[in-house]
Amino acid sequence: MSNIAALRAELSRQESINRELRAQLNEIYQGVSRADQSLTSFRNAACSVLETSTQRIQASHQRILSSIEVQADIDRMYVRFKQMELANKKIRACNNKKYYDFANYRTVRKIVRGILDNLTLTEEGCSLVSDGVIYKSVERQHLQTPDYWLTCALLSVMAWQNDDRDLADRALARAVELDKKSASIFYMLFNLRLHREEAALKWFFLYQECDFQGSDQRTFLMLFALLSQAIRESTNTRTRGEVQKFIRKVIADNARAAGFRQADVVSRIAGYLAAMAGSDPLELPLLQRCCGDYQKIARAVTLAQNNVNILQFLMDLANVSREERNTYLATFLEELIDAPNPTEKSVYEEIEYNELIIRCKGEVDQAKEIWAKEQKRREGELDLISEMMGWVYGSAQEVNGQSRKNMFSLTLELQQKGYAQYVEQYRALASPTHPVTIGDYETVADFNDREGERQKISAFYQQQLAQELAQVKNWPAYLAFGVGAAAAVGGVLLSPALFVATLAGCAAGGLLLWSNARRRRHLQETCTLNIQGKNELMDQLFVQYGEMVRQFSQYDGYVDQVNKAFMSF
């Protein structure tokens, strides 16, 4: 008994120790849990702070990058601004040089304008300045600018007016020696102003001996203006005929030199006419969705609709007011008088180049590229064909309206051929056959034959039906019936249990026959629905195609009016 009591006492002591251990462990667990919660809260707070900091750092980084980009833009703008400022300073310096160093040339030009104004006023019975005053001014300026062709030209004119033939001949020869091209054009226009047609033609023939460059395009614009009697209504037929013959010769020479064939020029004209076309005028969604070459159809209608634009272009080109007719000659004479001589040329080009820098907003590289192309064009051979195409079909503000009309009239045969090719090209696009896709049905539809398309749809789905029906076989049912019959024989001869197989075979055969009949009926119904549905869609396509044809025919009807407009030239 004492051992039992001792064991119980020991058990109680161990239980007490266990309770204390559990209490301590529980306390430790709770402490660890609180510590874990604290760490979790701290981690969450730290992560939140770090995430916020990361976002702020990223935002700050983005702001820094934006600031760097803005600073780079500011730097670029500052460089461009400084380039523009520098260009402006150079222009002011060049203008000062023009004003002070080239004052003599400016005086000569003023005298020329005075003489031209006197010619106009003399015709009206009055004069602003006496010939004697002008003559003395010309002699004085000739002493100061002996190597300026315009001074020599003025001296020759005044000497001729004062019956001093020797002085007039010497001054005239000197003017031609200094600048044959400018002097010959000046004398030609001057003689035309004086009704001296034969003398003007002699100077025009002298001009034809010069080499022509890209910088001569303004002179050719003047010659085109001459074709319409823009200086005087009395400009005779021979003068205009010689100008026209010369221009045709230059065009022919240009064509041979550049390797142009008439077909090339005609194609370029057709291209310019096509460039006048607008966007797709059609609103036919089903045709657009189902027709594989809808873009071709739309292009045909767009080009046909462009006949309206071409007709308006021709009408605008033909209607030129008298004021506009006379504008370019006056402008050309001013340009000819103001054209810099070799001494001034570098200063004038410096001004032009710096003005180009300002127009390019300080982009020096861009300005250099444009300047190099312009210099190459000016110094290269005159490409009159390209220039004329640009003048006729380019911006109407760049070229006098009468000059454009004369260019068009001079090349009227080519223009008509170009338009004929244009019409032929867009009519070729309007074919009645087009690839059509309606769901699983694809064909090349002939929109002139609706009944034929109906038959093609029916034939397509009937063929499809035949192929699908061929896949539905009855022989498995007959095989099941055969197995059932064999089982019945076996049931009679061997065991009645085989009658179960007989019933199963007959049931399977009957079920297969019923399923095949149902499938055939479903295929027939599907075929009928497909034919009906595709025909309905095809009907809608024909309606929309008919609308397209209606619009095409309507705009194509303007061709006769356009051809009449051509004949008005």
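A: In this predicted model, the protein chain has an accessible surface of about 33000 Å², and carbon and sulfur atoms contribute 55% of that area. Of its 569 residues, 37% count as buried, and the secondary structure consists of 22 helices and two strands. Among contacts in the protein chain with a separation of 6 or more, 74% are between residues 24 or more positions apart.

The part to examine closely is the pairing of helix 12, which covers residues 294-318, with helix 18, which covers residues 412-429; their axes come within 8 Å and cross at roughly 150°. Because angles over 145 degrees count as roughly antiparallel, helix 12 is classed as roughly antiparallel to helix 18. The crossing of helix 12 past helix 18 is left-handed. On the side of helix 12, the contact involves Lys 296, Arg 299, Ala 300, Leu 303, Ala 304, Asn 306, Asn 307 and Ile 310, and these meet Tyr 419, Tyr 422, Tyr 426 and Leu 429 in helix 18. By residue class, the contact of helix 12 with helix 18 comprises eight nonpolar, two polar and two charged residues.

Another pairing can be set beside this one. Helix 5 (residues 165-178) packs with helix 6 (residues 180-193) at an angle of about 130°, their axes being 5 Å apart, which means that helix 5 is oblique to helix 6. Leu 172, Ala 175, Val 176 and Leu 178 of helix 5 make this contact with Lys 180, Ala 183 and Tyr 187 of helix 6, and the residues of the contact divide into six nonpolar, no polar and one charged.

Conventions
Residues are numbered from 1 along each chain as its sequence is written. This is a predicted model: local features need pLDDT of at least 70, side-chain atom pairs count only at pLDDT 80 or more; totals for chains, interfaces and linings use all residues. Side-chain values use heavy atoms; hydrogens and water are left out. Helices (H or I, at least four residues) and strands (E, at least two) are DSSP runs, numbered from the N terminus. Buried means under 20% relative accessible area, exposed over 50%, partly exposed in between (1.4 Å probe, protein chains only). Contact means heavy atoms within 4.5 Å. Accessible areas come from the Shrake-Rupley method with a 1.4 Å probe; for residues, only the protein chains shown count as cover. Axes are lines fitted to C-alpha atoms, for helices over the stretch in contact, and angles run from 0 to 180 degrees between N-to-C directions. Angles under 35 degrees count as roughly parallel, over 145 as roughly antiparallel, 65 to 115 as roughly perpendicular and the rest as oblique. A crossing is left-handed if the near helix is turned anticlockwise from the far one by less than a right angle, and right-handed if clockwise. Ala, Val, Leu, Ile, Met, Phe, Trp, Tyr, Cys and Pro count as nonpolar, Asp, Glu, Lys and Arg as charged, and the others, Gly among them, as polar.
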